[in-house]
Amino acid sequence: MQTDSALLSVRELVVRYRVNGSRRELLTAVNGVSFDIHAGSIFGLVGESGSGKTSLAHSIMQLTLPTSGEVQFHGKNLAHMKGSDLKKMRRNIQLAFQDPLASLSPRRSIQQSLIEPLDHFRIDAPEQRRARACRALETVGLEADVLLRFPHELSGGQRQRVALARALVTEPELIIADESVSSMDVSVQARIIELILNLRQQLGIAFLFIAHDLAVIQQLADHVGVMYLGKMIEIAPADRLFRQAAHPYTRALLEAVPVPDPAHGKPVALQGEVPSALTPPAGCVFHTRCPRVEDRCRVLDPLSNQINESGEKRTSHHVKCHLWNP
Ligand code: SF4
């Protein structure tokens, strides 16, 4: 799946945590995940809570070190970067945190929060940094007077815009937006989605956009990856995935998307709970909830298959399910 032009390449990434400091008890949060993000594109990552999305984002940022596998940025393994290369990478990949109220210091004004990364990366002369912070706020549709305010004085939508401005201020090539619109009402959500699409179009910024809601992903992603219990179980160009989802889990997520037409009836809720990542099911990890389960699913872990024969690497559709094994 390697492509020369990928901005970010994740290869067979595994992230394990020790449980309560134990050497024996390990929780596998991310289990052999691979995908590419290309410059100026939006990769939507979807899955229920506990699927490993945030662990994956943190390991891409090297906030959590991967247990194995690689993250490459412009073809260079992040784990091998040091000194100025590492600093440059950190400037070029920014994270917009899930909860801006928790990630922005309550004691710092918005100006201080926006200037802090500029100080850290020594971007511009100190006297020019306020102007740059102002421009970042303007880009996300906020007035300069927000600079002097504190996070608790802003609405949820404004705070999310500030979180994006803080990610933008270093002029990154990639922003990881983790559940950036999840807690918002639909109208604020729509404005943030529009903003992200504009940032991609005007500034050419690529996004890894993480959400648990496929309806949100559908509005902005070029490619979609679906995670379940640490595994990437389906990955495809967005238009193909929304037309021809192949994995029973992805189909269940799609059926759960509300449609504003009474003739469609109520969305179908997924049955059962996500199993614990500490004791994942044998065989296919989805078999305890799958409506299409067969005997082999309970013992054999399905391989990832490319199911569109003509797909180039950028347009290929991969699925991990025995129903699609040749
Ligand atoms: Fe369902 Fe079996 Fe496919 Fe898993 S491998 S998704 S249990 S049909």
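How many bridges pair S1 with strand S4 (residues 68–73), and in which sense do the two strands pair? They pair in the antiparallel sense, over 5 bridges. The legends below describe close-up views of a predicted model.

**View 1. Four strands form an open antiparallel sheet.** The strand order is S2-S1-S4-S5. Strands of a sheet pair through backbone hydrogen bonds, either parallel or antiparallel. Strand S1 (residues 6–18) pairs with S2 over 10 bridges, in the antiparallel sense. Arginine 18 has leucine 26 of S2 as its bridge partner. S1 also pairs with S4, over 5 bridges. Here serine 9 stands opposite glutamine 72 in S4. The edges of the sheet are strand S2 (26–38) and strand S5 (76–77), each of which pairs on one side only.

**View 2. S4 and S5 form a hairpin with 2 residues between the strands.** The two strands pair in the antiparallel sense over 2 bridges. Glutamine 72 stands opposite asparagine 77 in S5. Glutamine 72 also stands opposite serine 9. In the hairpin, histidine 74 takes a positive phi near 50°. Most residues other than glycine have a negative phi.

View 3. Aspartate 124 is found in the loop between H4 and helix H5 (129–139). Leucine 229 lies in the loop between strand S9 (223–228) and strand S10 (231–237). Leucine 229, in contrast, is buried, with a relative accessible area of 7%.

**View 4. Helix H5 has buried residues covered by elements that include H4 and H6.** The buried residues of H5 are Arg129, Arg132, Ala133, Cys134, Ala136 and Leu137. An α-helix has 3.6 residues a turn, so residues three or four places apart point the same way. Leu137 also belongs to the largest nonpolar core, as one of the residues that touch the most other members. Glycine 141 follows H5 and has a positive phi, near 80°.

**View 5. Alanine 163 is found in helix H6.** Is alanine 163 buried or exposed? Alanine 163 is buried, because its relative accessible area is 7% and buried means under 20%. Not counting residues up to four places away in sequence, alanine 163 touches Ala96 and Pro100. Leucine 78 is 85 residues from alanine 163 along the chain. The C-alpha atoms of these two residues are separated by 24 Å.

**View 6. The largest nonpolar core holds 60 residues.** Leu137, Phe209, Leu214, Ile217 and Val224 touch the most other members. Helix H7 (residues 186–203) gives the largest share of this core, 6 residues.

**View 7. The largest pocket holds about 440 Å³ of space.** Its lining has 18 residues. Met61, Gln94, Leu95, Phe97 and Arg166 lie nearest the centre of the pocket. The elements giving two or more residues to the lining are helix H2 (83–92), strand S6 (93–96), helix H4 (110–121) and helix H6 (156–168). By class, the lining divides into 12 nonpolar, 3 polar and 3 charged residues.

View 8. The model has 4 cavities of 30 Å³ or more. Which residues line the second largest cavity? The lining consists of His247, Pro248, Cys284, Phe286, His287, Cys290, Arg292, Val293, Cys297, Cys321, His322 and Leu323. By class, these are 8 nonpolar, 3 polar and 1 charged residues.

Technical notes
Residues are numbered from 1 along each chain as its sequence is written. This is a predicted model: local features need pLDDT of at least 70, side-chain atom pairs count only at pLDDT 80 or more; totals for chains, interfaces and linings use all residues. Side-chain values use heavy atoms; hydrogens and water are left out. On a 1 Å grid over the protein atoms alone, a cavity is a set of points where a 1.4 Å probe fits but cannot get out, and a pocket is an open set with protein on both sides within 12 Å along at least five of seven lines; lining residues have an atom within 4 Å of a point. Grid points are joined across faces, edges and corners, and a volume is the space filled by probe spheres set on the points. Ala, Val, Leu, Ile, Met, Phe, Trp, Tyr, Cys and Pro count as nonpolar, Asp, Glu, Lys and Arg as charged, and the others, Gly among them, as polar. A nonpolar core is a set of buried Ala, Val, Leu, Ile, Met, Phe, Trp, Tyr and Cys residues joined through side-chain atoms within 4.5 Å. Buried means under 20% relative accessible area, exposed over 50%, partly exposed in between (1.4 Å probe, protein chains only). Two strands pair if DSSP finds at least two bridges between them. Contact means heavy atoms within 4.5 Å.
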